[in-house]
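This report goes through one protein model by topic, with the cut-offs stated where each term comes up. Please keep the structure in view while reading.

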Amino acid sequence: MSNKIVAKKSLRAVVTGASSGIGLEFCRRLAEMGHNLVMVSNQESELIRYGAEISQKHGVEVSTYALDLTEENAASKLLYFLSSHNLVADILINNAGVFSFNEVLETPMQKINLFTDLHIKSMTELCWHFGREMRSRGGGYILNMSSMSCWMPMPGIAMYSATKAYIRVFSRALHYELKDSGVSVTVACPGGIATDLFGLPAHLKKLAVRLGVLDTAESFTRKAVKQMFRRRQQYINGWLNRFSIFFIGVMPTSVRMLVKHKMLDKNIRKP
């Protein structure tokens, strides 16, 4: 871990789910700006590897903390880690999350609990703890990751979309509660991100990015961080995503059932 601070106004960001995907990209974007990091994830080896890589490349302080955020008192454990290392968090990015495509009644209760523990309980507790500390200091930034799916009551993603909806509504309300204190709360609701998750050929992903249908993880995190520092309430990437919210809301039942019959029923084996 490097102790070099390269910017006079460097802030320190705590990023959850920091060992892969969008969380890792958030770390890279913030490090490019000269901000120090506390990378949190349950993947210890990846944290150590990427933390060292980011620190060496950008000359910022990077601390790593392997933690399962669904553990009892996980938020308190993270706060203790910071205080015991004399680390003050100016930024909190709640990015850790899970996804699955399955019917609710065919989803093991353990997975159901994972959605609620990670997307709701853990996120809320982290906002409570860090929000109180930031408020006492008179400033700070919180960025919570929701999803475009928060407007999509579609079969197969009930747990994901419902818990992401909680994140959005909670964050919007918390934004107003903390506005006078100097602490800003931003919620990001990304649509499609051009990753291998969609299985698209490279040329189609590039076309979708140019059309604004998909965004790259690098581009999304750069813009989301920019909106966070502008103290915006909400960020939705891409004009098409913002435009489509209305059409998702008025989508007829027949279309939703088509998703169930053509995608969900054919891809899920029931016991």
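## Helix α1 and the residue after it

Gly-34 follows α1 and has a positive phi, near 90°. Helices here are DSSP runs of H or I with at least four residues, strands are runs of E with at least two, and both are numbered from the N terminus. This is a predicted model, in which local features need pLDDT of at least 70, side-chain atom pairs count only at pLDDT 80 or more, and totals for chains, interfaces and linings use all residues. Residues are numbered from 1 along each chain as its sequence is written, and side-chain values use heavy atoms, with hydrogens and water left out.

Helix α1 covers residues 21-32, and its end C-alpha atoms are 17 Å apart, in agreement with the 16 Å that its twelve residues should span at 1.5 Å a residue. The expected span is 1.5 Å times one less than the number of residues. Buried residues of α1 are Gly-23, Leu-24, Glu-25, Phe-26, Cys-27, Arg-29, Leu-30 and Ala-31. Buried means under 20% relative accessible area, exposed means over 50%, and partly exposed lies in between (1.4 Å probe, protein chains only). The cover over these residues includes β1 (12-16), β2, α2 (44-58), β4 (91-94), β5 (140-145) and α7 (217-229).

## Nonpolar cores

A nonpolar core is a set of buried Ala, Val, Leu, Ile, Met, Phe, Trp, Tyr and Cys residues joined through side-chain atoms within 4.5 Å. The largest one has 40 residues, and Val-14, Leu-78, Leu-82 and Phe-130 have the most contacts inside it. At least two of its residues come from each of β2 (36-41), α3 (74-84), α4 (109-137), α5 (158-178) and β6 (183-188). Helix α4 gives the largest share, eight residues. Another core, of 28 residues, lies apart from this one and has Met-39, Ile-54, Leu-143 and Phe-220 among its members.

Leaving out residues up to four places away in sequence, Leu-78 touches Val-14, Val-40, Tyr-65, Leu-67, Leu-126 and Phe-130. Contact means heavy atoms within 4.5 Å.

## Packing of α3 on α4

How close do the axes of α3 and α4 come, and at what angle do they cross? They come within 9 Å and cross at roughly 35°. Axes are lines fitted to C-alpha atoms, for helices over the stretch in contact, and angles run from 0 to 180 degrees between N-to-C directions.

From α3, the contact uses Ala-75, Ser-76, Leu-78, Leu-79 and Leu-82, and from α4 it uses Glu-125, Leu-126, His-129, Phe-130 and Glu-133.

Thr-186 is found in strand β6 and is buried, with a relative accessible area of 0%. Beyond four places in sequence, Thr-186 touches Ile-142, Leu-143, Asn-144, Gln-227, Met-228, Arg-231, Arg-232, Gln-233 and Gln-234.

Arg-231 is not a glycine, yet has a positive phi of about 65°. Arg-231 is found in the loop between α7 and β7 (234-235) and is partly exposed, with a relative accessible area of 36%. Asn-73, also not a glycine, has a positive phi of about 65°. Asn-73 is found in the loop between β3 (62-66) and α3, and counts as partly exposed at 45% relative accessibility.

## Whole protein

The protein has nine helices and seven strands. Of its 271 residues, 48% count as buried.
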